[in-house]
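Here are some friendly notes on the aromatic pairs and the cavities. Please read them with the model open beside you.

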Amino acid sequence: MGQPESRDYRAQEESELPPGQRLQRGWPVTHYGPVPKFKPDRWEFRVFGATADGDKRCWNHEEFSALPFSTVVGDLHCVTKFSMLGAEWGGVPARTIVELAPPAPAVTHVMVWAEYGFSANLRLADFVAERTIFATHKDGELLTAEHGFPLRLVVPHLYAWKGPKWVRGVEYMTADRRGFWEERGYHNLGDPWREQRYSYQEEPGDGPEL
């Protein structure tokens with residue numbers, strides 16, 4: 001699956017900030033649109049698209065909550081230039097989802113889908129990175145609704161918009177396709193250590209044409 005050139009694979013200290021970022025005390029609430037109301041009897045997490053067997057895989061909330069729980073320590077870097085360092089995230093590693101619902105060999109990217117049609121595209125290598133996690137908890141506490149309860153994706157080595165709140169599923173893709181913010185001027189890759197904030201900074205090969 002390869003390894004993206006990202007902070008996960010560099011020998012850097014957790015205390016370092018990416019260029020242009022400032023240290024944030026506390027956790028500001030940042031999102032676009034209303035906070036969805038969680039309805040556990042209607043909630044479902046789906047894996048679909050180019051799966052290895054051609055079928056989709058679904059978990060209801062009770063089933064997803066019973067999946068193996070792990071914790072990772074990872075930073076959160078917002079494109080608005082604040083960084084929250086060293087948070088402990090608890091939930092289901094993205095690698096676990098890939099193991100339970102394998103992608104087809106030709107899959108190169110995923111689209112992570114969230115409430116209200118929000119989405120974020122990721123290279124498969126970023127998605128299966130060691131610390132990419134579908135988080136239900138932060139620092140031992142259940143996420144609040146404003147911060148993404150019941151489920152948000154956390155990708156510590158990329159800007160935070162690459163980890164949507166209120167996640168509902170994953171689509172396996174055999175070619176890249178821009179997500180919600182990537183279609184609206186944000187960088188297709190989103191590496192904070194390269195300050196890949198906006199699409200005008202993209203180089204050839206960084207993503208599909210706008």
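1. Let me start with W161, which counts as buried because its relative accessibility is 11%; buried means under 20% relative accessible area, exposed over 50% and partly exposed in between, with a 1.4 Å probe and protein chains only. Please bear in mind that this is a predicted model, in which local features need pLDDT of at least 70 and side-chain atom pairs count only at pLDDT 80 or more, while totals for chains, interfaces and linings use all residues. Residues are numbered from 1 along each chain as its sequence is written, and side-chain values use heavy atoms, with hydrogens and water left out.

2. Rings of Phe, Tyr and Trp (its six-membered ring) pair if their centres lie within 6.5 Å; planes under 30 degrees apart count as stacked, over 60 as edge-to-face and the rest as tilted. By this rule there are 14 aromatic pairs. One of them joins F127 and F134: the ring centres are 5.9 Å apart and the planes stand at 70°, so the pair is edge-to-face. F127 counts as buried, at 0% relative accessibility, and F134 counts as buried, also at 0%.

3. W161 and Y186 are edge-to-face too, because their ring centres lie 4.8 Å apart with the planes at 75°. W161 is in the loop between β10 (152-154) and β11 (167-173) and Y186 is in the segment after β11, so this pair ties together parts 25 residues apart in sequence. Strands here are DSSP runs of E with at least two residues, numbered from the N terminus.

4. For charges over rings, the rule asks for NZ of Lys or CZ of Arg within 6 Å of the ring centre and within 35 degrees of the ring normal. R184 lies over the face of F180, at 3.7 Å from the ring centre, and R46 lies over the face of F48 at 4.4 Å.

5. How many cavities of 30 Å³ or more does the structure hold? There are three. A cavity is a set of points on a 1 Å grid over the protein atoms alone where a 1.4 Å probe fits but cannot get out, and lining residues have an atom within 4 Å of a point. The largest cavity has about 70 Å³ of space, and its lining includes D75, H77, R152 and Y159. Both β4 (70-77) and β10 give two or more residues to that lining.

6. The second largest cavity has a volume of about 50 Å³. Strand β7 (residues 119-123) gives the most to its lining, with three residues.

Definitions and conventions
Helices (H or I, at least four residues) and strands (E, at least two) are DSSP runs, numbered from the N terminus. On a 1 Å grid over the protein atoms alone, a cavity is a set of points where a 1.4 Å probe fits but cannot get out, and a pocket is an open set with protein on both sides within 12 Å along at least five of seven lines; lining residues have an atom within 4 Å of a point. Grid points are joined across faces, edges and corners, and a volume is the space filled by probe spheres set on the points.
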